[in-house]
Every structure is written in C-alpha cells, then in structure tokens.
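Me: Please take a close look at one part of this model. Pick out the salt bridge and walk me through its surroundings.

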Amino acid sequence: MKKDIHPEYHTIKVVMTDGSEFETRSTWGKEGDVMRLDIDPKSHPAWTGEHRLVDTGGQVAKFNKRFAAFGIKN
C-alpha cells in the first residue's frame, strides 16, 4: 500500500435526529468532531414507511404557489 495517500481514519460522534448518539470511526472531519444528522433511518420515509416532504430552501412552497391554479392540493 502506498504511504500518505489515504485520509486519516479517526473516531467521531454521530448525533441522530432524536438526540441519541453513538461513536464510530470515519474519515469525515477531525478526531472528536460531532456529526449531526438531518435525516437518518429513524426519520427517513424509506425506513419508516410514512411520507413527508422535506422542504429545502422553500422549493416545495415555491412549487405549490406556482402550480396552485391547476387545483392540486397538498
């Protein structure tokens, strides 16, 4: 294996959307950094089975306003 081509592998803390946390090893950030998740398996519709819209930057609101005349309801 070539030397000095791989990123540093270290321990970080991951905080889930419900506030629970765990430690894992990663190449993300620096030793001891905290990664706070916006979406995780406890809140993502693919795992929970419930559908909800995540409005990033008002895109859903902008779409609804633009196409409100077509009679599409939320």
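**The salt bridge and its sheet**

Reply: E21 forms a salt bridge with K13, and their closest N and O atoms lie 3.4 Å apart. The model is a predicted one. The structure holds one salt bridge, so the pair meets the cut-off of a Lys or Arg side-chain nitrogen within 4 Å of an Asp or Glu carboxyl oxygen. Side chains of opposite charge can pair when their charged atoms come close.

E21 belongs to β2, which covers 21-26. These two strands run antiparallel and are joined by six bridges. Within that pairing, K13 stands opposite E23 of β2. The salt-bridge partner of K13, however, is E21.

β1 and β2 make up a hairpin, with five residues between the strands. G19 sits in the turn and has a positive phi of about 95°.

In β3, the residue opposite K13 is V34.

Put together, three strands form an open sheet. Their order is β2-β1-β3, and the pairing is mixed. The edge strands are β2 (21-26) and β3 (34-36), each of which pairs on one side only. Neighbouring strands in this sheet are turned against each other by 35° on average, direction ignored.

Step back to the whole chain. It holds two helices and three strands. Along the sequence, the pattern reads β-β-β-α-α. The chain has 74 residues, and 11% of these count as buried. Take the contacts between residues at least 6 apart in sequence: 7% of them join residues at least 24 apart. The accessible surface of the chain comes to about 6600 Å². Carbon and sulfur atoms account for 54% of that surface.

Back to the close-up. K13 stands opposite V34 in β3 and opposite E23 in β2. Its salt bridge goes to E21.

Conventions
Residues numbered from 1 in each chain as written. Predicted model: local features only at pLDDT ≥ 70, side-chain atom pairs only at ≥ 80, totals over all residues. Heavy atoms only, no water. Pairing = 2+ DSSP bridges. Helix = DSSP H or I, 4+ residues; strand = E, 2+ residues; numbered from the N terminus. Axes fitted to C-alpha atoms, helices over the stretch in contact; angles between N-to-C directions. Buried < 20%, exposed > 50% of the residue type's maximum accessible area, 1.4 Å probe, protein only. Contact = heavy atoms within 4.5 Å. Areas by Shrake-Rupley, 256 points an atom, 1.4 Å probe, with all protein chains shown as cover.
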